[in-house]
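Here are some notes to go with your first look at this one.

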Amino acid sequence: MNNDKLEDKREVNAVMSNENQETTAKNRTNAPEIGQEILTTVTTQGPAQQQVAIPSIIPLLPIRNAVAFPGTVMPLNIGRESSKKSVENALEGNKLIGILTQRDSQVEKPTQKDLYTWGSVGFILKLLRMSDGDQTIVVHGLLRFKIVELIHAEPFMMARIEVYNDPKQEEIENKTELEAIVHNVRSMANRVIELSPNVPEEASVILNNINHAGALADFLAANLNISTEQKQKILETLPIKERLESVHTALANQLDVLELSSKLQDQVKESINKTQRQYFLQEQLKAIQKELGESDQRTTEIEELKARINEAKMPKDVEAEALREIDRMAKIPLASPEYSVARDYVEWLIVIPWSKQTTDTLDIKQAKKILDADHYDLEKVKKRIIEFLAVRKLKPEGRGPILCFVGPPGVGKTSLGRSIARAMGRKFIRMSLGGIRDEAEIRGHRRTYIGAMPGRIIQEMRKIEVRNPVFMLDEIDKLGQDFRGDPASALLEVLDPEQNYSFTDHYLDVPFDLSKTMFIATANYMAPVPPALRDRMEVIELPGYTLHEKLEIAKKYLVPKQIDENGLNKEKLVFDEEALQVIVESYTREAGVRNLEREVGNICRGVAAKIAGGSKKSFKLIRKDVSTYLGPVRFEPEVAMRTSVPGVATGLAFTPTGGEIIFIEATSMPGKGNLILTGQIGDVMKESAQAAYSLLRSQAKKLKLDPENIQKKDYHIHVPEGAVPKDGPSAGVAIFTALVSLESEVSARHDVAMTGEITLRGLVLPIGGVKEKVLAAKRAGISTVVLPDRNKKDLVDIPKEIKNTINFKFVDNVDKLLGIVLCKKDEKNSTEKRKKEGQAMCKLKKNSTRSRNSSR
């Protein structure tokens, strides 16, 4: 039964308004006992009143989503057949009916268990028949009742009941306390009526005319905006004080909501009034300015933006978008935040260099001259750059490749990009990608976000003010990735010549042509770069420098630069070549020249301090003076000391910072053939160690070793500098050599370093980074380098001066390897020799400090 459905509302409302509401206070008789048949006064239509006796058996009327209270008049829509029969039965008799609320409003045919036990006896004042067949009755609640027994459920419910009536006002105990509660409830109710716009003023009059405390509680409970369950609970609360307290709590909650709502409405109204006032004043100002022949701020600003759009020479689709945004600005109040957002967007569209570009200087001879002046050697790199410029000269509109310079720190990758820009006559931008984890850093934020702005690509293009700069993406291998997206994926469009002509930033949401921009990426190591991104770039490797190259770079570039930066000149400070060689060999150990420049700068500052102090006017730095400015020697060759005992082999490694030598140490102890690996070894290197150990056991007899003795030992392989992570397969031959040296008690040669991957068949496979590893061997004082046979082709990249000082041996299996790297048994490798070498090491440690920084 839907209590909200009412066809003829005006007739029902007329009936309800014609009822004498004052009977609410009068319909209380002296019948405090539950279960008595009592008389009560009921107001019928018209001025007459009549008393009716409430019998102990009455028909029941289940209702949904509503609770009938004594003393209240309410309309009820009757739709169910059983309910219609119950109403007909009541009308044929004394017009009394028991009104009960359903526990679940979805139940269509309720039984006794579906109804609450307590309800109200209602007197039917009016019956209205609707056009759809439904009926509406107007009932007047009389008294509370409780079901004692269900007489029958069909064709309608009939039950035996017990009625309850509140005591008279003068018979209520704790009258003073009750009056205080009534006063508070009445005050709060009046405040609720005042704040409720849909409640008529007559409600306050009715409220103030109710004198009985129980009647007041019932009246308010019936009209409060609370749940059906809460209303039913109040109906079942018989003590008047408790009933009033429940109503008081509900009123307080409703009053809080209404007062907050009223406060918010006042604020909104005040804001609207302020906005309307501003709009009215602005319209008046426009009219006044129009009469005076002046224009307002918005009109002036919009006209200025339109003129700048015209000057920007945007593509047609971009210009259309900018003008569309300006039309939108004209309809937004100046004080609105949306106006500022739209204006910032148009400003970005205007300042981006859509058509402005520099003219390329494609003089090949001049470009070669600039590259030679800025960088020593790097012939392969210079040759590729000259080829790129030559193609651009022959076909200016062609799309060139994306270059990626890969090499250790300090070899001149970034400065090479600047030289390219200078050679071409273009502007240069450098953008560091190290640590970037958010895709929006590349592509920008969408304008829906507060504080949104374009990505770094568009920002840098705005700063440089041309659309064809040399754009260097530095440290591309240091890109990060997290929940905010993958910046490397965002770079795919930027670095693809087939796509970047229509690069779309999320903030601009219009395509921008990046095809005129020459992108150059740099990296120390290509392994972290995603394959898809690597595929879009042409990788040019910049290997580390040799001693000769470092000396030439220092003489031609670093020394003059540091002398000038520290306020000196050629007359005040001269570097001897031997002194430079000492700095390179004993104070730096790097693939590049960054630390070399730093040490030269330290000497220049020391000399500048002495000259400023007045001690001398000029200096010539010779070999013995180096330690005065730089302190004790930092790096000494230590290979002979480290490999003077069996079980130690020297390997070669390639790291992001260049080549390094590593020492593989092996020892054994009684055990069960287990293999222990330490020194922060990666998974690939662990597999190489396991392969070397398996190869040792499988070829024990061939190597004249005792297989049973090997099985009774545990082997521990350690790679020193345990804080530095290490990985890769190229240490396989060094690990195998260390194990064989340990078991055969024959030391590995201290002047030999080796690199190569091994297989379980004893083959030696090729590896990468040959040049960097050979340079590391040269820096460490190695005289012989063992390489895989298939790496012979890589010797073409080794400088001639290195080839002339290092003996290269090539092997394709471990048999040849051991014949080269292990000492002969007739060589002097006695205990006495090791003792002397140990003493030499102790003496060396006293005279110098050792500092190693290697990472794999």
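1. Start with helix 24 and helix 26, which are oblique to each other (angles under 35 degrees count as roughly parallel, over 145 as roughly antiparallel, 65 to 115 as roughly perpendicular and the rest as oblique). Helix 24 covers residues 683–698 and helix 26 covers residues 732–744; they pack at an angle of about 40°, with axes 9 Å apart. Axes here are lines fitted to C-alpha atoms, for helices over the stretch in contact, and angles run from 0 to 180 degrees between N-to-C directions. Helices (H or I, at least four residues) and strands (E, at least two) are DSSP runs, numbered from the N terminus.

2. Before going further, a word on what you're looking at: this is a predicted model, where local features need pLDDT of at least 70, side-chain atom pairs count only at pLDDT 80 or more, and totals for chains, interfaces and linings use all residues. Residues are numbered from 1 along each chain as its sequence is written, and side-chain values use heavy atoms, with hydrogens and water left out.

3. Back to that helix pair. Helix 24 passes helix 26 in a right-handed crossing (left-handed if the near helix is turned anticlockwise from the far one by less than a right angle, right-handed if clockwise). On the helix 24 side, the contact is made by Met685, Ser688, Ala689, Ala692, Tyr693, Leu695 and Leu696; helix 26 brings Gly732, Ile735, Phe736, Leu739, Val740 and Glu743. Contact means heavy atoms within 4.5 Å. By class, this contact has 10 nonpolar, 2 polar and 1 charged residues (Ala, Val, Leu, Ile, Met, Phe, Trp, Tyr, Cys and Pro count as nonpolar, Asp, Glu, Lys and Arg as charged, and the others, Gly among them, as polar).

4. Now try another pair, helix 12 (residues 364–374) and helix 13 (residues 379–394), packed at an angle of about 155° with axes 10 Å apart. That angle makes helix 12 roughly antiparallel to helix 13. The crossing of helix 12 past helix 13 is right-handed. Ile364, Ala367, Lys368, Leu371 and Asp372 of helix 12 meet Lys382, Ile385, Ile386, Leu389 and Ala390 of helix 13. These divide into 7 nonpolar, no polar and 3 charged residues.

5. Which order do the strands of the open sheet take? The 5 strands run 10-11-14-9-15, with parallel pairing (two strands pair if DSSP finds at least two bridges between them). Strand 10 (428–432) and strand 15 (538–541) stand at the edges with a single partner strand each, so one side of each has no neighbour in the sheet. From one strand to the next, the twist averages 25°. Inside the sheet, strand 9 (residues 403–406) and strand 14 (residues 518–523) pair over 4 bridges, and leucine 403 stands opposite isoleucine 520 in strand 14.

6. Strand 8 (residues 158–164) has 5 of its 7 residues buried, so the rest of the structure largely encloses it. Buried means under 20% relative accessible area, exposed over 50%, partly exposed in between (1.4 Å probe, protein chains only). Strand 7 (residues 135–152) runs antiparallel to strand 8, joined by 7 bridges, and the two form a hairpin with 5 residues between them. Strand 3 (residues 57–63) is also antiparallel to strand 8, with 3 bridges.

7. Two loop residues are worth a click. Is glutamine 481 buried or exposed? Glutamine 481 is exposed, at 54% relative accessible area, and lies in the loop between strand 11 and helix 17 (487–494). Leaving aside neighbours within four places in sequence, glutamine 481 is in contact with Arg437, Asp486 and Pro487. Isoleucine 798, in the loop between strand 25 (784–788) and helix 28 (800–803), counts as buried at 5% relative accessibility. Not counting residues up to four places away in sequence, isoleucine 798 touches Val770, Lys771, Val774, Lys803 and Phe808.

8. Finally, the overall tally: the protein has 30 helices and 26 strands, and buried residues make up 48% of its 856 residues.
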